[in-house]
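Trainee: I've got a model open on my screen and would like to talk it through. Could you take me round it?

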Amino acid sequence: MLEYRKNNEIMSNSSNVKKVLIAGGGLGGMTAALSLLKRGIDVEVFEQASELKEVGAGLHVAPNAFRVLDEIGLAQEALKTACVAAGREVRLWNTGDTWPVFDLGVKSVEQYGFPYCTMYRPDLLAILVNGVRAIKPDAIHLKSSCQSFEQDADGVTLHHNQGTARGDILIGADGVHSKIRQGLFGNDSPIYSGLVAWRGLIPMDRLPEKMRRLVGTNWIGPGGHVVHYPVHGGKLMNLAAISEGNGDWQEESWNIPGSVEDCLALFPGWHDDLKLLIKSIDSPYKWALMIRPPMDRWSVGRVSLLGDACHATLPFLGQGAAMAMEDGFMLARALEVESNPITALKRYENARRDRTARIVNGSAGNTKRFHNPVLAEPETARAYVDREWAPDKIAERYEWIYTYDVTKALI
């Protein structure tokens, strides 16, 4: 097993911020909570769900995200259930032709300092929750739906369905439908992307041996693409299929059941390997993908946002969860170095805004790359993939993401 240093110490707190209220108990909110607690700053997390379970199936923990886990002392725990990727590849929708994109595994550690992993979202959330509760057992309040807030010169009062809470600052980590963002800036106006994503989990033992590899695969074709990779210690295969041409259905939720037959119907003529994967899902879920332009501002006074609440992204760079985790760690850094809470939130936002906007825009740009019409014919497709996934193009799109060091970035 790869070894990393552990960081379990709790630092003293010299900030004027003694208590932070966090709305939302997902990956970003929990990373923020643990990073703050380790710096001696008290935290209260308010989560509307009755139990802590991450919505969704799998995610990429690229080296930049794994660095965060290392810094908060959870690297070794994460490796117990993570799959350390051997590589990533692109496959052509109808022929199955394959191009290796990344040679990862040990090379990821050599090049970036940390591994490239894929994880089951509930596994990662459980690790973060356990880390928070190990320091403060009663930090997380379930069945607490945040409704509104008000702030004054001395702090913030959060109103939720179980009562009220008072803190020095409030962080909205409550996702794409954020009540905190709404309270700061009013309703947003997302734009339908024209895409619908289907997701599902496949028990690995249902698949033939040749498909049980520790590799992330991205099938690309005209009008759609499909990503699959192993999670949960290699026991499950996570699949996400993105398709165009789904009519007027535009519901943005991760929990709407679909059918295997409807999903298959969106990928006519695609390779038998891909069809086998889809047929192996018990019950797929679907959600409409919405576009939200990067926000110019996240913070007002003692209240700010993180994760999907302020930079929701299309899932085409594998960085949605990573951005939220980086946000949570950077927030703690800002409160450590800046005693004034309002100034600290401004420094946090300024440190994160340009990077997250670039990822959001880059993810949107990958839509045309993955679904380009020239992929329809094998001859034009091969030339296109050779060009778009050439080493220099890969470096241009990904190196700046993976080499980012949240512990040293200017704040």
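**A walk round the model**

Mentor: The protein chain's secondary structure comes to 13 helices and 19 strands; helices (H or I, at least four residues) and strands (E, at least two) are DSSP runs, numbered from the N terminus. Residues are numbered from 1 along each chain as its sequence is written, and side-chain values use heavy atoms, with hydrogens and water left out. This is a predicted model, where local features need pLDDT of at least 70, side-chain atom pairs count only at pLDDT 80 or more, and totals for chains, interfaces and linings use all residues.

Trainee: What radius of gyration does the protein chain have, next to that of a compact globule?

Mentor: Start with the box: along the principal axes, the C-alpha atoms fill roughly 65 × 45 × 35 Å. The radius of gyration is taken over C-alpha atoms, and the globule rule is 2.2 Å times the number of residues to the power 0.38. For 411 residues the rule puts a compact globule near 22 Å, and the protein chain agrees with its 21 Å.

Trainee: Which strands stand at the edges of the open sheet of 5 strands?

Mentor: The order is S8-S2-S1-S12-S19, with parallel pairing; two strands pair if DSSP finds at least two bridges between them. A strand at the edge has a single partner strand, so one side of it is left without a neighbour in the sheet. That describes S8 (140–141) and S19 (303–305).

Trainee: Which residue in S12 does Leu21 stand opposite?

Mentor: Strand S1 covers residues 19–23 and S12 covers residues 169–172. They run parallel and are joined by 4 bridges. Opposite Leu21 stands Leu170.

Trainee: Which helix lies across S12 and S19?

Mentor: Look for residues 341–370, running at about 20° to S19. Axes here are lines fitted to C-alpha atoms, for helices over the stretch in contact, and angles run from 0 to 180 degrees between N-to-C directions. The helix is H11.

Trainee: How do H10 and H11 run, roughly parallel or roughly antiparallel?

Mentor: Helix H10 (residues 320–337) packs on H11 at an angle of about 160°, with the axes 8 Å apart. Angles under 35 degrees count as roughly parallel, over 145 as roughly antiparallel, 65 to 115 as roughly perpendicular and the rest as oblique. That makes the pair roughly antiparallel.

Trainee: What is the crossing of H11 and H13, left-handed or right-handed?

Mentor: H11 and helix H13 (residues 391–402) pack at about 150°, with their axes 12 Å apart, and are therefore roughly antiparallel. A crossing is left-handed if the near helix is turned anticlockwise from the far one by less than a right angle, and right-handed if clockwise. H11 meets H13 through residues including Arg355, Ile359 and Asn366, with Glu396 and Trp400 among those on the H13 side. The crossing is left-handed.

Trainee: Which residue in S7 is the bridge partner of Cys83?

Mentor: Another open sheet has 3 strands in the order S3-S7-S4, with antiparallel pairing. S4 is joined to S7 (residues 117–120) by 2 bridges. The partner of Cys83 is Thr118.

Trainee: How many nonpolar residues does the contact of H1 with H5 have?

Mentor: H5 (residues 121–135) lies across S3 and S7, at about 85° to S7. The axes of H1 (residues 27–37) and H5 come within 9 Å and cross at roughly 30°, which makes the two roughly parallel. The contact takes in Leu27 and Met30 of H1 and Leu124 and Ile135 of H5, among others. By class there are 2 polar, 1 charged and 11 nonpolar.

Trainee: Which residue in the turn between S5 and S6 has a positive phi?

Mentor: S5 (residues 87–92) and S6 (residues 98–103) run antiparallel, joined by 5 bridges. They form a hairpin with 5 residues between them. The residue, with phi of about 80°, is Gly96.

Conventions:
Contact means heavy atoms within 4.5 Å. Ala, Val, Leu, Ile, Met, Phe, Trp, Tyr, Cys and Pro count as nonpolar, Asp, Glu, Lys and Arg as charged, and the others, Gly among them, as polar.
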